[in-house]
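Thanks for coming. I will take a few minutes to walk through one protein, so please have a look at the sequence and the structure first.

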Amino acid sequence: MFLYYALGVLLISVIIGVVIYLITPRTFETPETVATSYDEWTEDGILEFYWGEHIHLGHYGSPPRRKDFLEAKADFVHEMVKWGGLDKLPRGTKVLDVGCGIGGSTRILAKDYGFEATGITISPKQVQRATELTPEGVSAKFQVDNALDLSFPDNSFDVVWSIEAGPHMPDKNKYAQEMMRVLKPGGTLVVADWNQRDDRKVPLNWWERIVMRQLLDQWSHPSFSSIEGFSEQIAETGLVDGDVVTADWTQETLPSWLESVWQGIVRPEGIIKFGLSGFIKSLREVPTMILMRVGFGSGLCRFGMFKAVKAKSATSTKEANTNEVVNV
């Protein structure tokens with residue numbers, strides 16, 4: 001009986017959500033529109049209520065297994081640390097978390113691994129909330145910064161880390177360049193991202209183009225890279241020692257999408273907490289999450305992992321430009 005009730009609620013929610021989201025797209029315009037969107041999501045508290053401190057997908061193992069929704073998100077951070085070899089680094093390692101959200105991953109890096117972690121986001125409200133959630137004594141700090149024009153000097157961090165920030169970046173080359181620039185020689189870049197299938201090899205068909213357009217327009221994304229394309233862009237910075245290592249974690253993260261929808265059904269207290277306007281805002285996201293599940297489940301989208309080590313002899317673009325000016 002409960003199953004029929006749940007399916008009925010889900011169906012009605014999808015129909016209402018489709019209508020709302022079709023008439024209220026959040027198309028990417030500028031980085032400021034992304035900041036505004038995240039300010040709104042942070043201020044109303046709905047995203048944090050359902051997704052917890054981690055505004056990213058969970059890791060459900062390989063093969064995937066049933067797991068608590070919030071536990072899977074924390075597990076993702078630990079799996080990414082291991083995959084990147086960061087668990088072998090000493091306490092006090094300086095880490096930059098690019099696109100830190102409200103700081104869930106940054107705090108784990110600081111508390112569980114003893115890293116000196118700095119989280120940056122383009123959203124002032126996220127910085128405020130991340131700071132509020134960080135206990136005293138935890139070596140994590142947060143600031144507003146633009147990933148495409150980082151305020152840090154060259155060679156500032158032992159590790160640069162980023163989860164699911166890439167789709168918001170209108171200039172993927174600059175995104176790669178800036179992360180590699182602030183990395184110390186011999187330091188490690190570790191990135192997790194939503195990606196599109198490499199359409200240079202298999203072009204998108206008509207329905208895939210429609211789905212992809214919606215995924216971009218609804219969550220302020222200018223574009224998704226492919227795993228192959230972004231790994232090439234990292235290598236093209238000229239700052240990488242050896243090869244860029246990649247992996248596909250689509251299957252490990254795939255359950256997250258329907259689990260996100262399910263949270264709204266099994267936690268109806270959110271309706272009481274946030275009222276009618278909050279309920280409508282939540283419904284609006286349901287079609288996008290279902291389309292994400294379709295995209296990642298069909299092979300249109302992939303969840304990419306990237307690791308690169310900065311060459312010890314590397315000179316960043318900014319350093320090179322400064323030297324050219326001085327020499328002239």
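Let me start with the inside. This is a predicted model, and its largest nonpolar core has 51 residues. Which members of that core touch the most other members? They are Trp-161, Trp-194, Trp-257 and Phe-303. The element that gives the most to this core is helix 4, residues 69–83, with 7 residues. Apart from it lies another core, of 29 residues, which includes Val-98, Leu-189, Leu-239 and Val-240. As background, nonpolar side chains in soluble globular proteins tend to be buried together.

Now the overall count. The protein has 13 helices and 7 strands. Of its 328 residues, 54% are buried. If you take the contacts with a separation of 6 or more, 78% of them are between residues 24 or more positions apart. The accessible surface is about 14,900 Å², and carbon and sulfur atoms account for 57% of that.

Helix 2 runs over residues 31–44, and at 1.5 Å a residue its 14 residues should span 20 Å. After helix 2 comes Gly-45, with a positive phi near 80°.

Phe-279 belongs to a nonpolar surface patch with Ile-271, Leu-276 and Ile-280, and together the four have about 350 Å² of accessible area. Phe-279 has a relative accessibility of 31%, so it counts as partly exposed.

A few backbone details. Ser-62 and Pro-63 are joined by a cis peptide bond, with omega about 0°. Pro-63 sits in the loop between helix 3 and helix 4. Asn-155 is a residue other than glycine with a positive phi, near 60°. Asn-155 is in the loop between strand 3 (140–144) and strand 4 (157–163). Glu-164 also has a positive phi, near 55°, and lies in the loop between strand 4 and helix 7 (172–182). Are these two residues buried or partly exposed? Asn-155 is partly exposed at 25% relative accessibility, whereas Glu-164 is buried, at 9%.

Last, the charged pairs. Side chains of opposite charge can pair when their charged atoms come close. The structure holds 18 salt bridges. One of them is between Lys-184 and Asp-158, at 3.4 Å from N to O. Lys-184 is in strand 5 (residues 183–196) and Asp-158 in strand 4, 26 residues apart, so this pair links distant parts of the chain. Lys-184 is partly exposed, with a relative accessible area of 28%.

Arg-302 and Asp-248 form another salt bridge, at 3.0 Å from N to O. Arg-302 is in strand 7 (residues 301–309) and Asp-248 in strand 6 (residues 245–248), so the pair ties together parts that are 54 residues apart in sequence.

Arg-267 and Glu-269 meet in a salt bridge as well, at 3.7 Å. Here Arg-267 counts as buried at 19%, and Glu-269 as partly exposed at 39%. Finally, Glu-48, Arg-129 and Glu-132 are linked in a network of salt bridges.

Definitions and conventions:
Residues numbered from 1 in each chain as written. Predicted model: local features only at pLDDT ≥ 70, side-chain atom pairs only at ≥ 80, totals over all residues. Heavy atoms only, no water. Core = buried A, V, L, I, M, F, W, Y, C linked by side-chain atoms within 4.5 Å. Buried < 20%, exposed > 50% of the residue type's maximum accessible area, 1.4 Å probe, protein only. Helix = DSSP H or I, 4+ residues; strand = E, 2+ residues; numbered from the N terminus. Expected span 1.5 Å × (residues − 1). Patch = residues over 30% accessible without salt bridge, like charges linked within 9 Å, V, L, I, M, F, W, Y side chains within 5 Å. Areas by Shrake-Rupley, 256 points an atom, 1.4 Å probe, with all protein chains shown as cover. Salt bridge = Lys/Arg side-chain N within 4 Å of Asp/Glu carboxyl O. Contact = heavy atoms within 4.5 Å.
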